[in-house]
Amino acid sequence: MLTSHHDNHQGSPTALLDEATDPTTHVLVVGAPGPRLERLTRTLRATGHDVTHAPPGEVDRRMGQAHPDAVVALDDPYGYAAPGTAADHETGLEVIREVRTAPAGRALPLLMVTATPEPADVVDMLRQGADDCIPEASDPVELSARIEAKLRRVPVPVESLLRDPRTGLYSQPHFLDELDRELQRPEAARHGGVLAVVGIAEMAALEARLGPRVRREVAERLAGVAEQLGSFCDRLGRDDDGHLLMLLPGVDEETARRGLAKFAAAVAGTRFIVADENVRLTPAIGWLPLTGCADGAQATAQALDAVQEALRHRDLRPVRYAPWMRGTPHRHRRPQLGALIRPALSALSPVLALLLGVAVPFVLYQQAYTLGWDLGSAMYWVVVGGLVLSALLIVLECLFSLDATARPAEPGAPYPPASAVIAAYLPNEAATIVDTVESFLRLDYPNELEIVLAYNTPHPLPVEDTLREIAVRDPRLVLLPVAGSTSKAQNINAAVTRVRGEFVGIFDADHHPAPTAFKDAWHWLSNGHDVVQGHCVIRNGESSRVAELVAVEFEAIYAVSHPGRTRLYGFGVFGGSNGFWRTDLLARTRMHGSMLTEDIDSTLRALGEGARFAVDRTLISRELAPTTLKALWNQRSRWAQGWLQVSLKHLRRGLVSPVFTARQKLGLFVLLGWREVQPWLTLQILPILLYSAWKAGGFTHLDWAVPVCVLAVLFTLAAGPVQALFAWRLAVPELRSRRRWFWSYFLVSTVFYSHFKNMVARQAHLKEALGDRQWRVTPRAAAKAVAPR
């Protein structure tokens, strides 16, 4: 024990005092009253120290009263744990946390006196903040010497240094000094500059699980990524909450935004070791230009406000600070004209589409003719050529779909752990979610398969109790409420760092995958592909005529168009559900909630990185279709407007990208360019007919039997029956047996549905132009399903 050893020191108390430190040295001993505390106190006093006591829970208060020079604590300050037990070890860590949490204890030397020190326990104590560990059986003079050594070289927290000696990170006060120094330079000499703050979405969960040390470790890992990117950032620091602080002087805003986006993707695509645990991190970056900033602390606070906005979306996009993020009240302004007329224009969009697509061209053709230009006749041939081209593309997709690439017969590697992410908005899907979860728990997969239900709800629902009961019964189900989420994209982004699987299947809340879906998907992913899109089959076609129509349409899309386009153009498309991603790719791609079709947007961004997409019509998942025309209109309006957003964002950059081949660029032009032109091109038939009748003196003077016109009409009309025939030929068995549905689809599509979709597309274009991006959720309801055969 820590008592006098006469054999070694021929010891008298006087001899011990001669070797002691300055008698004014004040040591605070932490421990509950008892024999161990008494022995330790006698030893410290015998070696010349002034000693006071602090029982557990009183450390902060006693330090404020006594102002010690060092702290010596028993590894079991409560005095009841058996030496060497887990309880003994844990209580030692608790006293370390108590000392280091107290403001006065952050920089004090802290020595732990242990009963039976195990190497692993000593390591944990040192990592948690102890400066030294000494066995209780050590010589008293050794304890005194260790205290004296610590007092001669007082430990300084990294935060108090100018820079962390290991990482080069500035402490927060010194970073703010650097920032203020930069802000004090004349703006003309600064040449721009940007301040950025990086937060981590998983920080709270990591800290709760691994302790406060993760704040420092995470900031260090982020700094390492920034340094690997080269001269991207000039000065790096960290604050007490684990945020990485980045100062980018002399950088313009666009360069900074691109650099920060690249940094975010690099962080998200890396697995880090934090506190001996392998984790994924989601960086949330807030930034603002230095122009106009006068105070470094205020600028940092504003960047932190932008970090909070980035945390809501978790989509890796850096967020530029705006005053509304702080709730800054705006001055009262008169309503702008656009805000007043936008609702009225949205309501009148069908009339506006006819005005823009029929009346305006007709007047233009008339006026051009009076000036000697027969523009209407030229447009006639453009329209005829466009309709023929559209029909030809449909026929080519059908023909290429017959020889779509088959799924590899064997996996290229053993089946790894896999994850399913079900994104749900519970008030909308409470009627179907339990059946969906149960169907996933019945899947056949030879390795670990976790089912992550990532959901949001504005208020608690009874179905959540049922889901919690299922999760208790089957631990494969992981419930992940996403607080504050407003989109499917945010739910998926929240789940992607939580999943453990090497690949992830993404599903809507009404999907029932085939039993072998995950096994089949791995055959593609293990043989060189990064994403595979499956075949979505409607399972409630008997619910209504609308659902019946959509059931056949989905066969035309997923069994014919998707496989045909993939083979024709050399790339596939992720359709939003029943798609399987390599987890690493999804982690760095994410979903952007600002896009109404976040699935297509993520496809184009991943393809731009060189990812390989496959489409497999034998990879089945069954879902529910809208059952009313209104629900169908809302769903297709969102799809059409979302496709337009993707076209505006990606078409130009895709056509000039060196990543895409000439064949793929042709596919991008058809998929993103031609599809947006076609709805307006088909509408040009009306103004051209009106112009032709006006020019000829009436409809009775028109020659309707022009051979080219007749052939073009026949060929265009033939595309519908061809597509319906191929859809029936390649449909899943339970739908192929329902021939009446396909005949009905052919007739309805020819006389109504094609025009319906063109109307939806034109209205979606007008909504986007007017800035109306409201997402109307498609309601789900349990319904009678078509039985698989």
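## Close-up views of the model

**View A.** Pro361 touches Leu355, Leu356, Gln684 and Pro687, leaving out residues up to four places away in sequence (contact means heavy atoms within 4.5 Å). This is a predicted model, in which local features need pLDDT of at least 70 and side-chain atom pairs count only at pLDDT 80 or more, while totals for chains, interfaces and linings use all residues. Residues are numbered from 1 along each chain as its sequence is written, and side-chain values use heavy atoms, with hydrogens and water left out. Pro361 itself lies in helix α15 (residues 349-370); helices (H or I, at least four residues) and strands (E, at least two) are DSSP runs, numbered from the N terminus. With a relative accessible area of 9%, Pro361 is buried, where buried means under 20% relative accessible area, exposed over 50% and partly exposed in between (1.4 Å probe, protein chains only). Along the sequence, Pro361 and Pro687 are 326 residues apart, yet their C-alpha atoms are 6.2 Å apart in space.

**View B.** Here helix α22 (residues 545-569) meets helix α26 (residues 662-683). Their axes come within 8 Å and cross at roughly 140°; axes are lines fitted to C-alpha atoms, for helices over the stretch in contact, and angles run from 0 to 180 degrees between N-to-C directions. The two helices α22 and α26 are therefore oblique to each other, given that angles under 35 degrees count as roughly parallel, over 145 as roughly antiparallel, 65 to 115 as roughly perpendicular and the rest as oblique. On the α22 side the contact is made by Arg565, Arg567, Leu568 and Tyr569, and on the α26 side by Arg663, Gln664, Leu666, Gly667, Val670 and Leu671. Sorted by class, this contact has 5 nonpolar, 2 polar and 3 charged residues; Ala, Val, Leu, Ile, Met, Phe, Trp, Tyr, Cys and Pro count as nonpolar, Asp, Glu, Lys and Arg as charged, and the others, Gly among them, as polar.

**View C.** Helix α22 also packs against helix α30 (residues 739-770), at an angle of about 90° and with the axes 10 Å apart. That makes α22 roughly perpendicular to α30. From α22, Arg545, Glu548, Leu549, Ala551, Val552, Glu553 and Ala556 take part, facing Arg740, Trp741, Phe742, Ser744, Tyr745, Val748, Tyr753 and Lys757 of α30. The class count for the contact of α22 with α30 is 9 nonpolar, 1 polar and 5 charged residues. Look for Leu549, which is buried at a relative accessible area of 11%. Apart from neighbours within four places in sequence, Leu549 is in contact with Tyr745, Val748 and Tyr753. Leu549 and Phe746 are 197 residues apart in sequence and 9.6 Å apart in space, C-alpha to C-alpha.

**View D.** Ile506, Trp581, Met591 and Phe613 touch the most other members of the largest nonpolar core, which has 50 residues. A nonpolar core is a set of buried Ala, Val, Leu, Ile, Met, Phe, Trp, Tyr and Cys residues joined through side-chain atoms within 4.5 Å. Helix α26 gives the most to this core, with 6 residues. In soluble globular proteins, nonpolar side chains tend to be buried together. Beyond residues up to four places away in sequence, Ile506 touches Val421, Ile492, Phe574, Gly576, Ser577, Asn578, Gly579, Trp581, Leu586 and Met591.

**View E.** Asn578 sits in the loop between α22 and β19 (579-582) and is buried, with a relative accessible area of 0%. Leu316 belongs to the loop between α13 (296-313) and β12 (319-320) and is buried as well, at 9%. In the loop between β12 and α14 (337-347) you will find Ala322, which counts as buried at 17% relative accessibility. Ala322 and Gln302 are 20 residues apart in sequence, with 8.3 Å from C-alpha to C-alpha.

**View F.** The whole protein has 30 helices and 20 strands, and 52% of its 789 residues count as buried. Its mean pLDDT is 85, and 86% of its residues reach 70 or more; pLDDT is the predictor's confidence in each residue, from 0 to 100. Over residues 3-23 the pLDDT is below 50, and this stretch has 31 contacts in the model beyond near neighbours in sequence. Residues 80-88 also have pLDDT below 50, with 10 contacts beyond near neighbours in sequence.
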